[in-house]
Amino acid sequence: IAPESILAITYNNSAANEMRERFSSLFGRNIGRRIDFRTINSLSQLIHTDYCRKTDQRSKTLIEEKERKKLIRKIFKEYYHKYASENDLQKLSSAIVYIKNMMLAGKQILDIEADYLHLNDMYNAYQSALDKQNQMDFDDQMIFALKILREDGDALHSLQQRYKYICVDEAQDTSKIQHAIIALLAAGTGNLFMVGDEDQSIYGFRAAYPEALLSFEKKHSGAKVLLMEE
C-alpha cells in the first residue's frame, strides 16, 4: 500500500505527532513522513481551505479562544441580565460544542431547552455573530467540511482517491459529526479501520458517540470486529 494513500486520524495534535513518531521508529522516517497523520479538525480545515480556493471564496477565519469567551459572555448577559461566572461560561460553551458535534438543529435544540433556558436563541445569536465577522469556531470546521463533502461530489471523490485507507484511533471518543465525515471518506473503498474501547469513552460532554462503534458492523457493510480481550 502506498503510504500516501493512508490517513491516520486521532483526537488531538500531540496524539497525531506521537503516532507519527511511533510509526517512524518502527518503519523509518521516510515512510512516516509520507503517511498523513492528523486530527479530524485539521482534515476539516484542509477540506474547507481547498474548497474556498477552488471556488474563489473567502475562507472563514478561526475565532481565538479569548475572543470566543468574550462573545459567549456577552450573549449570556443579554439573555440572563447578569454577568456570567466561569461555570456559566463553561456550561454555555459546552452546550454549543454538544449541539454541533451531535448535529442538532431546530426542534432538537428546543428539546434540550428544558434543561437550559434560552439555549436555542443564544446558540443562534452566537452563530449570527460569527457569520457577521466571517468567523468560525473549532467545531464549525467540521460542519463546513461535512457540508462540502455532501454537496461537492468532486471534492469528495478527490479525497476518496487520495485516502484509500483510513485508520481512526480512540474511536470511542469520536463524535457523531466526525463519524459522518469519516463514513463519507471511507465510502469510496470501504477500507476503514477503527480502534477503540467503548468502556473508555470519557468525552460525553463533548458529544463523544461510542454508539457508532457498537453499531460498526451494521453501519459498514462487510465489517468485522476484532476483540482484544486479553
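Reader: Where is D140 placed?
Author: In this predicted model, D140 belongs to helix α8, which covers residues 140-151.

Reader: Is D140 buried or exposed?
Author: D140 has a relative accessible area of 3%, so D140 counts as buried, the cut-off being under 20%.

Reader: And which residues does D140 touch, not counting residues up to four places away in sequence?
Author: With those left aside, D140 is in contact with K100, Q127 and L130.

Reader: Turning to M102, where does M102 lie?
Author: M102 sits in the loop that runs between α5 (86-101) and α6 (107-111).

Reader: Why is M102 called buried?
Author: Because its relative accessible area is 14%, and buried means under 20%.

Reader: How many residues apart in sequence are M102 and K176, and what is the distance in space?
Author: They are 74 residues apart in sequence, and 5.3 Å separates them in space, C-alpha to C-alpha.

Reader: Now the largest pocket: how much space lies in it?
Author: The largest pocket holds about 880 Å³ of space. Its lining is made up of 30 residues, and those closest to the centre are M194, G196, L213, V225 and L226.

Reader: Which helices and strands each supply at least two residues of that lining?
Author: Those are α10 (176-186), β6 (192-194), α11 (211-214) and α12 (216-219).

Reader: Which gives the most?
Author: β6 does, contributing three residues to the lining of the largest pocket.

Reader: How do the lining residues divide into nonpolar, polar and charged?
Author: The lining of the largest pocket has 15 nonpolar residues, seven polar and eight charged.

Methods
Residues numbered from 1 in each chain as written. Predicted model: local features only at pLDDT ≥ 70, side-chain atom pairs only at ≥ 80, totals over all residues. Heavy atoms only, no water. 1 Å grid on protein atoms, 1.4 Å probe; cavity = no way out; pocket = protein on both sides within 12 Å on 5 of 7 lines; lining within 4 Å. Points joined across faces, edges and corners; volume = space filled by probe spheres on them. Helix = DSSP H or I, 4+ residues; strand = E, 2+ residues; numbered from the N terminus. Nonpolar A, V, L, I, M, F, W, Y, C, P; charged D, E, K, R; others polar. Buried < 20%, exposed > 50% of the residue type's maximum accessible area, 1.4 Å probe, protein only. Contact = heavy atoms within 4.5 Å.
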